[in-house]
Amino acid sequence: MAVVSFSRILAYWADKDPEALALAIGERSVTYTELEASSNRLARAYESLGVKEGDNVTIALPNSVEFVEASYAVWKLGATPQPVSSRLPKMERDAIIEIAESSLAVGIDDELDGTHCLPVGFDASEFDDSPLPEKTSRYMKAMTSGGSTGRPKLIVAEQPAEMDPEDPFLVMPVAEPVLIPGPLYHNGPFLFVWAGLGNGNHVVCTERFDAAETLMLLEREKIVLVYMVPTMMQRIWQLPDELKQAADLSALRMVFHLAAPISQWLKEAWIDWLGAEKIVELYGGTEAQGFTVIGGAEWLEHRGSVGRPIGGSLMKVVDEAGNDLPPGEVGEIFMMPATGQGSTYHYIGAEAKADSDGWESLGDMGYMDEDGYLYLTDRQTDMILCGGANIFPAEVEGAIEAYPGVRSCAVIGLPHDDLGNTVHAIIDADGASISEEQMLEHLAERLVRYKIPRSMEFVSEPLRDDAGKVRRNALREARI
């Protein structure tokens, strides 16, 4: 089977089975035939507002069928969808639209110079729903990232908007039920939705992540593959044991998790629950310079690893001078795609961090073992230097989150006149009664003394979003 443009891929599956379910989000469910027709109408509406081939279109909609309809409408015009959170502050949102030079912003009521805006719930029913002339977007997506600097940038995929509908994308099945419970403006959920629909699956999403609802959907929809991030896995694991044990997950073949490091205890818990063969992890950035993958059985032999590079991509670990480090020594991770530097993405609003040979870094720290398996420690910008010792927040956070009742946490460094920085823990334990003394006793059994937080605070709001992301810089600045 040859590749099919995203402008034709919904019709491809609708022609195979006009009644096949395509997408379910919240209370709304649509077939491939319905999604094809509604996105055709939207495409003509967008075209009437001046959207043309090669444009960027900002999509600021919440998780909804409307979000997916908008994405396909953009692809059908040969333009590039540029998703952002519907809850972004106006100043940050407008800055992104400005650097994207978007010709249209969907889900926004404001008036912006040079950019048409359409509100949530825009009605395109007056427009024709017949197929449009085939166009293939040169750049499949333009995702947003504030990164560790907090300044917005766009990561524009060099991949055109096309795929082989009968060839499973990565681990995606073909024409089966899959569940993506994450926010669609993030790269992972966005990628899994278009891949899921491109491979003819019944794609189920949630309006926002809820642990009990996700467990219910896994059972009710007989899901075969679910996208997860460690935050989701943590919240599901904290559900009552009787709820987890009663759930019939016999249809589930794979839990595919990515986007953030996972604590070893949590990974082991899921392996014990569902079986090692069902737990698969991917590491890599939106930039797609390189990826690693590891299955549960492999992980048990290389505990803590995120796997070995796949797809011909290369990775190395270097010291501050750029020298390659031997196995076991922590340094900065640099990557090179099989197709060479710059072949997988380009930035708008930022420059890649690269060495003189074209190897690029996302700022992650880690090491490799003798067998070439990669282990992550933390991001270079998040590392805490305390009294001359390097402390990686992810390790401390993993130990804290192992305490019953902890929903999420963030560990940051706060300035100290003598030590340079001290370790401070912000702990989300909504509804749980945890004292500082209990937590210190718990951590004393898991961490060397200098890594134990010298101060901590308890909060009742989530510290990570549904994509598992946390902005430690913002938390640190607020407390300073």
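At what angle do helix α1 and α3 pack, and how far apart are their axes? Select residues 6-16 for α1: this helix packs against α3 at about 120 degrees, with the axes 7 Å apart. (Helices are DSSP runs of H or I, at least four residues, numbered from the N terminus; axes are lines fitted to C-alpha atoms over the stretch in contact, and angles run from 0 to 180 degrees between N-to-C directions.)

A quick word on ground rules: this is a predicted model, where local features need pLDDT of at least 70 and side-chain atom pairs count only at pLDDT 80 or more, while totals for chains, interfaces and linings use all residues. Residues are numbered from 1 along each chain as its sequence is written, and side-chain values use heavy atoms, leaving out hydrogens and water.

Back to the pair: that angle makes α1 oblique to α3 (under 35 degrees is roughly parallel, over 145 roughly antiparallel, 65 to 115 roughly perpendicular, the rest oblique). Show side chains for Phe-6, Ser-7, Ile-9 and Leu-10, which meet Tyr-72, Trp-75 and Lys-76 of α3; contact means heavy atoms within 4.5 Å.

From α3, pick Phe-67, Val-68, Ser-71, Tyr-72 and Trp-75; across from them in α5 are Phe-190, Val-193, Trp-194, Leu-197 and Gly-198.

Last stop: His-442, in helix α12 (residues 436-444). His-442 counts as buried because its relative accessibility is 8% (buried is under 20% relative accessible area, exposed over 50%, partly exposed in between, with a 1.4 Å probe and protein chains only). Leaving aside residues up to four places away in sequence, His-442 touches Ala-399, Ile-400, Ala-402 and Tyr-403.

How values were computed
Helix = DSSP H or I, 4+ residues; strand = E, 2+ residues; numbered from the N terminus.
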